[in-house]
Amino acid sequence: MNLKQTLAQELQETHGDFLKLVNSIPESDYSLPTDNPAWTVGDMLFHITLGPRALAFEVWMIAHARGLFQFGLKILPFRLFNQANARLARRGSRISRQRLIKAYEAGHAGIRSRLRRTREGDFQKSVVYPVELSAELAGEVTIERLFRYVKGHFEAHSRQLKR
């Protein structure tokens, strides 16, 4: 298998793992707390759905506007970014299994589309992510690493839900 095929398979497996996770948690548990005191189970599940969509945008930025993206990473007020991220994830009573699946399907379609349109020569393009943005992505991050991070992001948060 070439790199695109390997990444496509990894994305598909993560998609299946997300569906299994969502289907294993009763909706009545969505209001329960997680290891993150700011997020409920439902909030965390919704946050997971945001990952593929955000990463697809970041891949596009690195491939087509790397300098602008790197500049933005240097000046971004991370405290405000993290607050916005937390607010986006909070869905309270509006969350349902079907909404979670629909949100993940949209993100999954976006990241798969981005993978299909990524040129082989672009996979090693990179920017430097500050630790304040994401400890898991701190340092030099290639486009290939972002595609692989869809799985890493899912696994990190699903572990928090399984405790």
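Gly 110 sits in helix 5; helices (H or I, at least four residues) and strands (E, at least two) are DSSP runs numbered from the N terminus. The model is a predicted one: local features need pLDDT of at least 70, side-chain atom pairs count only at pLDDT 80 or more, and totals for chains, interfaces and linings use all residues. Numbering starts from 1 along each chain as its sequence is written, and side-chain values use heavy atoms, leaving out hydrogens and water.

Gly 110 has 28% relative accessibility, so it counts as partly exposed. The classes are buried (under 20% relative accessible area), exposed (over 50%) and partly exposed in between, with a 1.4 Å probe and protein chains only. The C-alpha atoms of Gly 110 and Leu 55 are separated by 9.2 Å, at 55 residues apart along the chain.

**Helix 2 against helix 5**

Helix 2 (residues 41-64) packs on helix 5 (residues 97-117) at an angle of about 20°, with the axes 9 Å apart. Axes are lines fitted to C-alpha atoms, for helices over the stretch in contact, and angles run from 0 to 180 degrees between N-to-C directions. The two helices are therefore roughly parallel (angles under 35 degrees; over 145 is roughly antiparallel, 65 to 115 roughly perpendicular, the rest oblique). Their crossing is left-handed, meaning that the near helix is turned anticlockwise from the far one by less than a right angle.

Contact here means heavy atoms within 4.5 Å. Helix 2 brings residues including Leu 45, Phe 46, Leu 55 and Trp 60. Helix 5 meets them with residues including Leu 100, Tyr 104, Gly 110 and Ile 111. The contact residues divide into 13 nonpolar, 6 polar and 2 charged. Ala, Val, Leu, Ile, Met, Phe, Trp, Tyr, Cys and Pro count as nonpolar, Asp, Glu, Lys and Arg as charged, and the others, Gly among them, as polar.

**Aromatic pairs**

The structure holds 4 aromatic pairs. Rings of Phe, Tyr and Trp (its six-membered ring) pair if their centres lie within 6.5 Å; planes under 30 degrees apart are stacked, over 60 edge-to-face, the rest tilted. Two of the pairs are tabulated.

| Pair | Centre to centre | Between planes | Type |
|---|---|---|---|
| Phe 18 and Phe 154 | 6.4 Å | 70° | edge-to-face |
| Phe 69 and Tyr 129 | 6.1 Å | 75° | edge-to-face |

Phe 18 in helix 1 (residues 3-24) and Phe 154 in helix 6 (residues 143-161) are 136 residues apart. Both Phe 18 and Phe 154 are buried. Ring pairs link Phe 18, Tyr 104 and Phe 154 into a cluster.

Phe 69 lies in helix 3 (residues 66-75) and Tyr 129 in strand 1 (residues 126-129), so their pair ties together parts 60 residues apart in sequence. Phe 69 is buried at 11% relative accessible area. Tyr 129 is buried at 2% relative accessibility.
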